[in-house]
Amino acid sequence: GGSIEIVPCSRIGHMFRKVRPYTFHGEVARRNEIRLVLVWLPEYIHEVFKTDRNLPRYIKEAGDLSERMALRDRMQCKSMDW
């Protein structure tokens with residue numbers, strides 16, 4: 001098993017290419033964050049919403065997640081509680 005750590009004011013490092021073929025800004029990051037939570041961490045959604053009260057408004061913008069959820073099911077991925 002693993003653990004999920006919510007650490008206020010933490011920083012995560014990212015490595016980016018010199019030239020990005022797409023735009024990445026706050027709105028895109030929020031959309032990706034909600035997609036990640038809905039698909040891979042559904043049992044922790046309320047914990048995530050506690051840390052960012054604005055996040056629930058992005059649920060509608062997450063789009064169709066059925067393909068991602070089917071992938072998760074096909075791969076027989078376990079919850080983080082495993």
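**Entry 1: contacts of Val 48**

I started with Val 48. I set aside its neighbours within four places in sequence and looked for what else it touches. Val 48 is in contact with Glu 33, Val 37 and Leu 55. A reminder to myself: this is a predicted model.

**Entry 2: the core**

Next I asked which residues make up the largest nonpolar core. I found eleven. They are Ile 34, Val 37, Leu 38, Val 39, Ile 45, Val 48, Phe 49, Leu 55, Tyr 58, Ala 62 and Leu 65. Which elements give two or more residues to this core? I noted H1 and H2. H1 gives the most, with four residues. Val 48 is one of the core residues, and so are two of its contacts, Val 37 and Leu 55.

**Entry 3: salt bridges**

I then turned to charged side chains. Side chains of opposite charge can pair when their charged atoms come close. How many salt bridges does the structure hold? I found three.

I looked up Asp 52 and Arg 30. Their side chains meet in a salt bridge, at 2.0 Å from N to O. This pair links distant parts of the chain, 22 residues apart. Asp 52 lies in the loop between helix H2 (45-51) and helix H3 (66-74), and Arg 30 lies in helix H1. Is Asp 52 buried or exposed? Its relative accessibility is 15%, under the 20% cut-off, so I wrote down buried. Arg 30 comes to 25%, so it counts as partly exposed.

I looked up Glu 47 and Lys 50. Their side chains also meet in a salt bridge, at 3.3 Å from N to O. Both residues lie in helix H2. They are three residues apart, which is about one turn of the helix. Glu 47 is partly exposed, at 37% relative accessibility. Lys 50 has a relative accessible area of 52%, over the 50% cut-off, so I marked it exposed.

I looked up Asp 73 and Arg 72. They form a salt bridge too, and their closest N and O atoms are 3.5 Å apart. Arg 72 has 19% relative accessibility, so it counts as buried.

**Entry 4: back to Asp 52**

I went back to Asp 52, in the loop between H2 and H3. What else does its side chain reach? I found the backbone nitrogen of Asn 54, at 3.1 Å.

**Entry 5: a nonpolar patch on the surface**

I moved on to the surface. Which residues form a nonpolar patch there? I listed Leu 36, Trp 40 and Met 75. Together they have about 300 Å² of accessible area. Leu 36 is partly exposed, because its relative accessible area is 43%, between the 20% and 50% cut-offs.

**Entry 6: the backbone at Gln 76**

Last, I checked a backbone angle. Most residues other than glycine have a negative phi. What is the phi of Gln 76? I read a value near 55°, which is positive in a residue other than glycine. Where does Gln 76 sit? I placed it in the segment after H3. Gln 76 is also exposed, with a relative accessible area of 67%.

Definitions and conventions. Residues are numbered from 1 along each chain as its sequence is written. This is a predicted model: local features need pLDDT of at least 70, side-chain atom pairs count only at pLDDT 80 or more; totals for chains, interfaces and linings use all residues. Side-chain values use heavy atoms; hydrogens and water are left out. Patches are made of residues with over 30% relative accessible area and no salt bridge: like charges are joined within 9 Å, nonpolar side chains (Val, Leu, Ile, Met, Phe, Trp, Tyr) within 5 Å. Accessible areas come from the Shrake-Rupley method with a 1.4 Å probe; for residues, only the protein chains shown count as cover. A salt bridge is a side-chain nitrogen of Lys or Arg within 4 Å of a carboxyl oxygen of Asp or Glu. Buried means under 20% relative accessible area, exposed over 50%, partly exposed in between (1.4 Å probe, protein chains only). A nonpolar core is a set of buried Ala, Val, Leu, Ile, Met, Phe, Trp, Tyr and Cys residues joined through side-chain atoms within 4.5 Å. Contact means heavy atoms within 4.5 Å. A polar contact is a pair of N or O atoms within 3.5 Å; within protein, one must be able to donate a hydrogen and the other to accept it, and residues adjacent in sequence count only if both atoms are side-chain atoms.
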